[in-house]
Amino acid sequence: MNLNVNDSKLISSPSQEVVLEALQNLGIEEYAILESKEEVYVQTRRDDESAWCLEYRNGSEDEHYGIDPDSTTIEDVCQAFAAFLNGEDLAPLFDWETVNFDDHDHEPGEGEVIYNGVIMDEEWPAEIEAAQSIETIELEGEVFKRIRFGSERDMPIETMEHCGDCGVLKGQLHVPECDIEQCPKCFEHLMSCGHADDES
C-alpha cells in the first residue's frame with residue numbers, strides 16, 4: 001500500500017494514523033492517493049474549505065467511481081481511505097457513480113503544451129531539457145551523481161509514469177528543486193533533507 005500526497009510526499013505501507021493526518025492537512029487544491037496496486041486506489045482532492053472530490057478505482061476505467069463533491073465531507077473521505085487501507089469493499093459506503101472521462105479536460109490551455117504526455121507551461125520543456133545536463137550535485141564538499149527518476153531507493157514510484165512534480169520521465173534527471181528528487185547522500189527528499197542547503 002502506497003500513499004501519495006500531492007506528488008510531493010510518497011509513503012510506503014502507511015499506518016491509518018499517518019493516512020488520516022495527511023488527509024486532515026491537505027490544503028486547497030491538494031490531493032492524496034492511496035494505492036494498493038496499479039489502477040486500484042482511492043483518491044481525494046480538496047477543492048475548497050468544505051468541498052472534497054472523492055473517487056475510487058478498482059482496475060479498469062469502467063470501474064472508476066466517484067460521489068457528488070458538493071455533499072462530500074472530510075469525514076466521508078477519512079472513512080473511505082480507512083476502509084480501503086483495511087482491505088474493505090468501498091462499494092457499500094456511498095452512492096458511487098461511474099466517472100465519465102471527457103477528453104476535452106485533457107487538452108492544453110492557453111500558454112500550455114503537452115510534453116512527455118503531460119500538460120505543462122509552454123516554457124517548462126526547456127527546463128526539463130536543461131536539467132539533463134546537470135548530472136552531479138555537490139553536498140558538504142562531496143560530489144554525488146544525481147538520482148534519476150525511477151532509480152530512487154525505497155520510494156513508491158513504480159506506478160508513476162512521470163514525475164508528478166517536474167514532469168520528467170523514467171530515466172530522466174529531475175528539474176532542480178523538484179520536490180520528489182531523492183538526495184544521493186541520505187536518500188530522503190532532496191528539497192527537505194537539508195543537504196541541498198549545503199550545495200555550493
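Me: How many aromatic pairs does a search of the whole structure find?

Reply: Three. This is a predicted model: local features need pLDDT of at least 70, side-chain atom pairs count only at pLDDT 80 or more, and totals for chains, interfaces and linings use all residues. Residues are numbered from 1 along each chain as its sequence is written, and side-chain values use heavy atoms, without hydrogens and water.

Me: Why is the pair of Y56 and Y65 called tilted?

Reply: Rings of Phe, Tyr and Trp (its six-membered ring) pair if their centres lie within 6.5 Å; planes under 30 degrees apart count as stacked, over 60 as edge-to-face and the rest as tilted. The centres of Y56 and Y65 are 5.2 Å apart and the planes are at 35 degrees, so the pair is tilted.

Me: What makes Y56 and W96 edge-to-face?

Reply: The angle between their planes is 75 degrees, with 4.7 Å centre to centre. Y56 is in strand β5 (residues 52-58) and W96 in the loop between α2 (74-85) and β7 (97-98), 40 residues apart. Helices (H or I, at least four residues) and strands (E, at least two) are DSSP runs, numbered from the N terminus.

Me: How do you know that W96 is buried?

Reply: Buried means under 20% relative accessible area, exposed over 50%, partly exposed in between (1.4 Å probe, protein chains only). W96 has 15%, so W96 is buried. Y56 has 9%, so Y56 is buried too.

Me: Which residues do the ring pairs link into a cluster?

Reply: Y56, Y65, F94 and W96.
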